[in-house]
Amino acid sequence: MDRNSRIFVAGHRGLVGSAILRRLTEAGHTDLVIRDRSQLDLTDQAAVRAFFDREGIEHVILAAAKVGGILANDRFGGDFIRDNLLIQSNVIDAAWRAGVKKLLFLGSSCLYPKHAEQPIKEEALLSGPMEPSNKPYAVAKIAGITMCQAYRRQYGFNAICAMPSNLYGPGDHFDPETSHALPGMIRRFHDAKLAGDQTVTLWGTGTPRREFLYVDDMADACLHLMDRYESEEIINVGPGDDIAIADLAALIRDTVGYTGTLTHDLSKPDGHPRKLMDVSRLFATGWRPKVSLQEGLRRTYDWFLENAAPNRRQASKQAAE
């Protein structure tokens, strides 16, 4: 992509999309096309086709998706599979029909089999049973990957697919009921600190291991792949190391400044026991993450205090004391 390329960032208000938009702007790209949901409903096939026919888009980064944590996936599985199938099918097909030069589709590490050999190589996709707690989401996203590969083979459409690890950072959702584990813990520790609670209870055993990539690093990887990756094979994007959820909780507790104790609700699900991806394919292209987990947590909590925390002024004042 050169700096004058006309680039559509689908999902620009989400965690990943907003970071990609920031990174493109920093890199000097000037012809960026964005639409919020009120302007373009990506589940509406006719509207999406009309948009692509009209706008002359050259490159697409498809970051739009319905996402959530274990609880949200369990409660709203129908929404997850329906909305994601519609969004990705409409955008991929309309982009091909309109002559888009290249499209990047974002999958997720949670698409891999529950008991995949660690670290997880790209070839592990569909090699075993999925994790049941997010199966509707995973099935939809795997369909998107398959669609990209099929359109490449049949029509020569230049679509590539990246598999991010767990992402976090500015712009995340911090609702403890519907968010992913990391931002949910930030919110719970923050609320417990303000309330003076002596204990915070976390879901599951705390033993599962996850890798976490700061979202601005993910955005940088997306631009890198748009410029340098041309294969139909999926490619993992992550830091290459992981951490136990219990240890992550301790890091977040320290970052927030909560001094109480942690307990675990063993009746709640753990999800995948481990999700460490093999990122040797990505690293071989010359890309590496820049932000450590500790630094990323600090930046994320600072953003939360300024933008998402209830009683923001009080929280910012207490954090500075």
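The protein exposes about 14,300 Å², with carbon and sulfur atoms supplying 47% of it (Shrake-Rupley method, 1.4 Å probe). This is a predicted model, in which local features need pLDDT of at least 70 and side-chain atom pairs count only at pLDDT 80 or more, while totals for chains, interfaces and linings use all residues. Residues are numbered from 1 along each chain as its sequence is written, and side-chain values use heavy atoms, leaving out hydrogens and water.

**Overall build**
- Eleven helices and 13 strands make up the secondary structure of the protein (DSSP runs numbered from the N terminus: helices are H or I with at least four residues, strands are E with at least two).
- The radius of gyration is 20 Å, which agrees with the value near 20 Å for a compact globule of 321 residues (taken over C-alpha atoms; the rule is 2.2 Å times the number of residues to the power 0.38).
- Along the principal axes, the C-alpha trace spans about 60 × 45 × 40 Å.
- Of the 321 residues, 51% are buried (under 20% relative accessible area; exposed is over 50% and partly exposed in between, with a 1.4 Å probe and protein chains only).
- Among contacts with a separation of 6 or more, 81% are between residues 24 or more positions apart (contact means heavy atoms within 4.5 Å).

**Thr199 in strand β7**
- Thr199 belongs to strand β7, residues 199–203, and counts as partly exposed because its relative accessibility is 38%.
- Not counting residues up to four places away in sequence, Thr199 touches Tyr258, Thr261 and Thr263.
- The side chains of Thr199 and Thr261 are also joined by a polar contact of 3.3 Å (a pair of N or O atoms within 3.5 Å; within protein, one must be able to donate a hydrogen and the other to accept it, and residues adjacent in sequence count only if both atoms are side-chain atoms).
- From Thr199 to Gly184 is 15 residues in sequence and 16 Å in space, C-alpha to C-alpha.

**Gln149 in helix α5**
- Helix α5, residues 135–155, holds Gln149, which at 16% relative accessibility counts as buried.
- Beyond its neighbours within four places in sequence, Gln149 is in contact with Glu232 and Ile234.

- Pro119 sits in the loop between β4 (102–106) and α5, and a cis peptide bond with omega of about -10° joins Gln118 to Pro119.
- Leu126 lies in the loop between β4 and α5 and has a positive phi of about 70° although it is not a glycine.
- With a relative accessible area of 58%, Leu126 is exposed.
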